[in-house]
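Grab a viewer and work through each solution step by step.

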Amino acid sequence: MSRKTYDVTALGELLIDFTENGVSAQGNPLMEANPGGAPCNVLAMLKRLSKKPAFIGKIGEDIFGKQLEKALQDVGIDTRGLKKSEEVRTTLAFVHTMEGGDREFSFYRNPGADMMLEEADLDEALIRDSRIFHYGSLSMTHENCKRATRRAIDAAKESGAVLSFDPNLRESLWGSLEDAKEQILYGMEHCQILKISDNEIQWLTGEEDFDKGIDWIRERFSIPLILLSMGKEGSRAYTEGKRVETPAFVQEKTVETTGAGDTFCACVLNYVLENLLAGDWPEDADEGRALFAEKCKACTEEQLRDMLRFANAAASIVTTKKGALRVMPERAEVEAFLADK
């Protein structure tokens with residue numbers, strides 16, 4: 001695995017986030033067109049941490065698609081897996097920021113180009129040349145992209161990549177929440193790293209207590225590393241026999257929380273790359289998965305706490321900025337932030 005070209009390849013949505021940025025002289029809200037989409041936010045932060053990321057997804061052959069392609073290239077994300085549709089427009093999301101930084105989303109995606117990704121669009125060589133394959137649930141909301149996602153997951157498993165899954169639930173984009181649950185459970189069945197938020201775990205498991213929700217997941221799936229993000233309450237990491245929690249770095253100058261969870265997820269993947277996937281790796285996929293599980297189990301509470309603390313700090317920094325993909329912090333910025341705490 002150490003000889004693979006790409007550190008992380010992610011598949012999923014790439015879209016424009018229209019975020020509020022003041023009021024015009026006429027009293028109308030001004031909207032800024034920020035490049036967005038959870039998978040690419042993750043990749044942008046990994047690039048800031050000196051990793052080599054690549055993206056697989058679909059945009060429209062329109063002005064917003066061109067803006068997004070340029071944004072990925074500007075931040076250093078490989079775009080060989082980026083496809084374009086002449087029939088369907090680039091997906092748009094309008095983000096309303098509420099008091100305290102929480103958000104409401106209105107999507108223009110019926111259809112949107114990201115959901116038109118097909119199996120034939122996949123660059124399987126790219127997937128097989130990656131140490132980690134990262135995916136979410138929004139690429140499983142419709143039949144075309146669901147088949148493509150499942151084929152990509154199979155290719156990643158066959159290649160011995162570690163699979164990382166972030167459900168990133170957006171309820172309004174699903175035909176039914178029963179389908180959402182089914183696809184999210186499918187994603188969990190195949191991953192070795194799961195990043196899930198507090199509201200998602202309560203919705204999925206019906207458990208108000210987060211630890212009981214994690215138990216619910218672990219009774220059904222063997223996932224070596226589970227990360228729980230809890231917003232202002234901090235984060236937790238779960239491995240076999242261990243549960244570690246660290247507080248959030250709450251900012252008085254928070255602007256919005258867009259991208260905070262993605263930044264957190266990227267920092268966890270970076271830790272995995274630098275510590276759990278370092279050195280020689282078995283060529284056999286099953287042996288690699290077994291070794292990864294052993295390495296997760298062997299992590300000390302101090303190591304997990306350090307991982308979470310760095311991830312929390314980076315996420316906190318992002319909340320002080322508009323947008324996400326173009327404004328991810330450098331490693332030195334995160335380390336300086338932590339040095340003051």
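Buried means under 20% relative accessible area, exposed over 50%, and partly exposed in between (1.4 Å probe, protein chains only). This is a predicted model, where local features need pLDDT of at least 70, side-chain atom pairs count only at pLDDT 80 or more, and totals for chains, interfaces and linings use all residues. Residues are numbered from 1 along each chain as its sequence is written, and side-chain values use heavy atoms, with hydrogens and water left out.

**Exercise 1.** Classify the pair Phe-94 and Tyr-108.

Step 1: rings of Phe, Tyr and Trp (its six-membered ring) pair if their centres lie within 6.5 Å; planes under 30 degrees apart are stacked, over 60 edge-to-face, the rest tilted. That rule gives six aromatic pairs.

Step 2: the centres of Phe-94 and Tyr-108 are 5.3 Å apart and the planes sit at 70 degrees, so call it edge-to-face.

Step 3: check accessibility. Phe-94 is partly exposed at 28%, while Tyr-108 is exposed at 53%.

**Exercise 2.** Is the pair Phe-133 and Tyr-135 stacked or edge-to-face?

Step 1: the centres are 5.8 Å apart with 25 degrees between the planes, hence stacked.

Step 2: Phe-133 is buried at 0% relative accessibility, and Tyr-135 is buried at 0% too.

**Exercise 3.** Which ring does Arg-220 lie over?

Step 1: a charge counts if NZ of Lys or CZ of Arg is within 6 Å of the ring centre and within 35 degrees of the ring normal.

Step 2: Arg-220 lies over the face of Trp-216, 3.7 Å from the ring centre.
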